[in-house]
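Have a look at the sequence and the fold, and then read on.

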Amino acid sequence: MALSQARVAAGTVTFVVDNAGTLAHALAVSGSGVSESHTATIPPGGTARLTVNLQPGSYELWCPIDKHKKLGMDTHLQVDPASPAPGSAAASATGQ
């Protein structure tokens, strides 16, 4: 799992998730003020969007399907204090 940015500004952030793998994946997010928010299952070659209101702090992003997280589909995002423009980030799932 790779992010287009390791840091974004606080506020509404839309993750655009491209599943470039050969198995179904999804994206889950948890951290400061977000207990867990996730996409539906994304088929191989599919795309999904997840919009979350993020507060400053650290967030964990992972694939909640099967044991994908244990296989390394896990990353972190740092959210800095708000700026005037809304944030956007992309996540790519390229596992099996």
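## A loop, a sheet and some charged pairs

D66 sits in the loop that links β7 (57-62) and β8. Strands here, like helices, are DSSP runs numbered from the N terminus, with at least two residues (E) for a strand and at least four (H or I) for a helix. D66 is exposed, with 71% relative accessibility. The scale works like this: buried is under 20% relative accessible area, exposed is over 50%, and partly exposed is in between (1.4 Å probe, protein chains only). Between D66 and A24 there are 42 residues of separation in sequence, and their C-alpha atoms are 10.0 Å apart in space.

A quick word on where this comes from: the model is predicted, so local features need pLDDT of at least 70 and side-chain atom pairs count only at pLDDT 80 or more, while totals for chains, interfaces and linings use all residues. Residues are numbered from 1 along each chain as its sequence is written, and side-chain values use heavy atoms, with hydrogens and water left out.

Now zoom out. The protein has nine strands and zero helices. Of its 96 residues, 42% are buried. Among contacts (heavy atoms within 4.5 Å) with a separation of 6 or more, 67% are between residues 24 or more positions apart.

How do the strands line up? Five of them make an open sheet, ordered β2-β8-β7-β4-β5, with mixed pairing. The edges belong to β2 and β5, which have a single partner strand each, so one side of each has no neighbour in the sheet. From one strand to the next, the twist averages 25 degrees; the angles run from 0 to 180 degrees between N-to-C directions, with axes being lines fitted to C-alpha atoms, for helices over the stretch in contact. Strands count as paired if DSSP finds at least two bridges between them.

Strands β2 and β8 run parallel and are joined by three bridges, with R7 opposite Q78 in β8. Strands β4 (residues 28-31) and β5 (residues 34-38) are antiparallel, also over three bridges, and here A28 faces H38 in β5. Two residues lie between β4 and β5 in this hairpin, and G33 in the turn has a positive phi of about 85 degrees.

On to the charges. Two salt bridges turn up in a search of the whole structure. The rule asks for a side-chain nitrogen of Lys or Arg within 4 Å of a carboxyl oxygen of Asp or Glu.

| Salt bridge | N to O distance |
|---|---|
| R7 and D80 | 2.8 Å |
| E60 and K69 | 3.1 Å |

Why does the pair of R7 and D80 tie together parts that are 73 residues apart in sequence? R7 belongs to strand β2 (residues 7-9) and D80 to strand β8 (residues 74-80), so the link spans that separation. R7 is partly exposed at 48% relative accessibility, and D80 is partly exposed at 25%.

K69 is partly exposed too, with a relative accessible area of 36%. Which ring does K69 lie over? That would be W62, whose ring centre is 4.8 Å away. For a charge to sit over a ring, NZ of Lys or CZ of Arg must be within 6 Å of the ring centre and within 35 degrees of the ring normal.
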